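Thanks for sending this one over. Here are my notes, written as numbered points so that you can follow them with the model open beside you.

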Amino acid sequence: MQDTVAIALITSLSTLGAAALTGLIGALSTRRQLAHQLTVARQESADRWATRRDELRRDAYIGFLGACDAAYRRLDRRWVEPGPDAVRPGYDETYAAMRAVDEAYNLVLVEGPADVASAGRSVLASLTTEYAEQRRLADEPGDEAAPLRDRHRERWLAAIEARTNHRVAFVDVVRQVLGREG
């Protein structure tokens, strides 16, 4: 009988040991799977956030470029319209367009990064400089019936070149930030 009890005891202990070992392996496997799923979930969350950040940045950059285009159109009109009414003192449509660029630039500052904000600041500075130069040139004596472009052709061409250079530099930096090549 002792042999039977010993065999039963060994059998039951080996069964319990096997069950415990199976449970331990299952628990470790489940833990590994959960850790992997957590890692995947975190990565997906980070990817979604990066995509959303890129969308917000892209929208801010496009808004800034759109505001710049509107300001460029107003500045162009001031260069080509003849007469003293082309540049009026105080608040006018061109000034309003310049303010819209300032507001759009605020979003660029918020969305960043610093190199895009710096390139945007250069665009904004060139617009402000051109606007101030137009106002100064309009006050100079000369044929007021002739457009500013005709009276100051070199400065007009330099302003157009500065616009182009600053805008292209801004777009180049934006493309790098958004991960797109030229």
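**Notes on the predicted model**

1. Let me begin with Arg58, which is partly exposed at a relative accessible area of 38%. Please keep in mind throughout that this is a predicted model. The side chain of Arg58 meets that of Asp59 in a salt bridge, with an N to O distance of 3.8 Å. Asp59 is partly exposed as well, its relative accessibility being 46%. By the rule used here, the count of salt bridges comes to 13, and a few others deserve a look.

2. A second pair to inspect is Arg167 with Asp69, a salt bridge whose closest N and O atoms are 3.2 Å apart. Arg167 belongs to helix α5 (residues 153-177) and Asp69 to helix α1, so this pair ties together parts that lie 98 residues apart in sequence. Arg167 has a relative accessible area of 33%, which makes it partly exposed. Asp69 also counts as partly exposed, at 29% relative accessibility.

3. Next comes Glu93 with Arg74, whose closest N and O atoms are 2.9 Å apart in a salt bridge. Because Glu93 sits in helix α2 and Arg74 in helix α1, the pair ties together parts that are 19 residues apart in sequence.

4. Thr94 is worth a click. Its place is in helix α2 (residues 93-111), and it is buried, with a relative accessible area of 1%. Which residues does Thr94 contact, leaving aside its neighbours within four places in sequence? They are Arg74, Leu75, Arg78 and Tyr131.

5. For the surface, I would point you to Leu21, Leu24, Ile25 and Leu28. These residues form a nonpolar patch with about 390 Å² of accessible area together. Ile25 lies in helix α1 (residues 2-80). At 52% relative accessibility, Ile25 counts as exposed, because the cut-off for that class is over 50%.

6. My last point concerns the backbone. Where is the cis peptide bond noted in this model? It joins Gly112 and Pro113, with omega at about -5°. Pro113 is found in the loop between α2 and α3 (114-139). As background, most peptide bonds are trans, and I would be glad if you looked at this one yourself.

Technical notes: Residues are numbered from 1 along each chain as its sequence is written. This is a predicted model: local features need pLDDT of at least 70, side-chain atom pairs count only at pLDDT 80 or more; totals for chains, interfaces and linings use all residues. Side-chain values use heavy atoms; hydrogens and water are left out. Helices (H or I, at least four residues) and strands (E, at least two) are DSSP runs, numbered from the N terminus. Buried means under 20% relative accessible area, exposed over 50%, partly exposed in between (1.4 Å probe, protein chains only). Contact means heavy atoms within 4.5 Å. Patches are made of residues with over 30% relative accessible area and no salt bridge: like charges are joined within 9 Å, nonpolar side chains (Val, Leu, Ile, Met, Phe, Trp, Tyr) within 5 Å. Accessible areas come from the Shrake-Rupley method with a 1.4 Å probe; for residues, only the protein chains shown count as cover. A salt bridge is a side-chain nitrogen of Lys or Arg within 4 Å of a carboxyl oxygen of Asp or Glu.
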